[in-house]
Amino acid sequence: MPALTRALFRGLFDDAAVFPPGKAPLDLAVASHRRLRRGPWSDLIGPLLLPPQAIPAALDLAGLADLRDAENPPVHDGELDEGDARSTPALDIGIAARPGTAPAEVERAAHLAADDSRVDLRLVELGWQERWEHIQLPAPAVVVEVPRGTEQALAVTEIAVAAAEREHPAYLAKYRTGATETWAWPSERELARTIQAAVAMDVPLKLTGGLHHAVRCDTPDAGPMHGVLNVLATFAQARAGQPVSALATTLAEREPATLIAVLAALSPQSVERLRADFPSYGCCTVTEPIGELVALGVLTDPAALEGDSL
């Protein structure tokens, strides 16, 4: 199948390694994220997403020399490179607070991270709640997780109003696409309506949960899962004014070639617009969807040319 422009995937995959179902220990998540940042997929990876309570420990870990090299520290001219810790770049992070987290806890974590040079705070995510827009969050982007049902339209409207009234920060919506103990998997039609509503209001929409695969599928353990290519194609069609029924059909499509054809036909301007509508999504193992995209041939693996791999 033809390769797609890399611009479709740049910064798409936020690293949610510490969240379920992956639940990576924090030190391993930090080390893995630093490896990803140096690897062939670095331009595709977004920040490391962390819950508010993990921020103090993450600051300490971010200040250490790269954990990846703990057993094999860099050596130059037969001596350990003691400057490695000093040259470690700031760890790019986002704070992802689940709905119901106390606003004061999110604020404390955000200010702690924003004031520390060991990390680069890219965004803060929180659940939609009363007076959410009055929470003081010193981050370039504030992402509000919206509910389903009748309150969703109100939440998206509030986000659009906040974005129109304030130049900074950027305001985005977020919607959960994977099932949890308290959140049923959203059907193709439900997700299509959410995407259509966000695009109609010009509210950028992040997604989270369940997008582990390139194409819509059913898994024996986790049940139904939406596909990354399905979602990208659906955002493009929503911006083109397609009805909910057509968007739902695209989300249900299981033939990769059909989805790839939609995305391959996009102009550079349409790709840019698509990614503005769909900036990124959180994934606990970012190499899973990337690996499937490579297997489909839509992403070229530069590491393969050097004998490396995912």
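Modeller: A disulfide is a pair of cysteine sulfur atoms within 2.5 Å. This is a predicted model, in which local features need pLDDT of at least 70, side-chain atom pairs count only at pLDDT 80 or more, and totals for chains, interfaces and linings use all residues. Residues are numbered from 1 along each chain as its sequence is written, and side-chain values use heavy atoms, with hydrogens and water left out.

Biologist: How many disulfides does a search of the whole structure find?

Modeller: The search finds zero.

Biologist: Is Cys284 buried or exposed?

Modeller: Cys284 is buried, at a relative accessible area of 11%. Buried means under 20% relative accessible area, exposed means over 50%, and partly exposed lies in between (1.4 Å probe, protein chains only). Cys217 is buried as well, at 17%.

Biologist: Now to helix H4. Which of its residues are buried?

Modeller: They are Val106, Ala109, Ala110 and Ala113. These residues cover an arc of only 100° around the axis, so they lie on the same side of H4; the arc is that of the directions from the helix axis to the C-beta atoms. Helices (H or I, at least four residues) and strands (E, at least two) are DSSP runs, numbered from the N terminus.

Biologist: What do the buried residues of H4 pack against?

Modeller: They pack against helix H2 (55-62), strand S5 (91-96) and strand S6 (119-127), where contact means heavy atoms within 4.5 Å.

Biologist: And salt bridges, how many are found?

Modeller: The whole structure has 18 salt bridges, each being a side-chain nitrogen of Lys or Arg within 4 Å of a carboxyl oxygen of Asp or Glu. One of them joins Asp60 and Arg118, with the closest N and O atoms 3.5 Å apart. That pair links distant parts of the chain, 58 residues apart: Asp60 is in helix H2, and Arg118 is in the loop between H4 and S6.

Biologist: How accessible is Asp60?

Modeller: Asp60 is partly exposed, at 48% relative accessibility. Arg118 is also partly exposed, at 30%.

Biologist: Which salt bridge does Arg216 form?

Modeller: Arg216 pairs with Glu188, the closest N and O atoms being 2.8 Å apart. Both Arg216 and Glu188 are buried.
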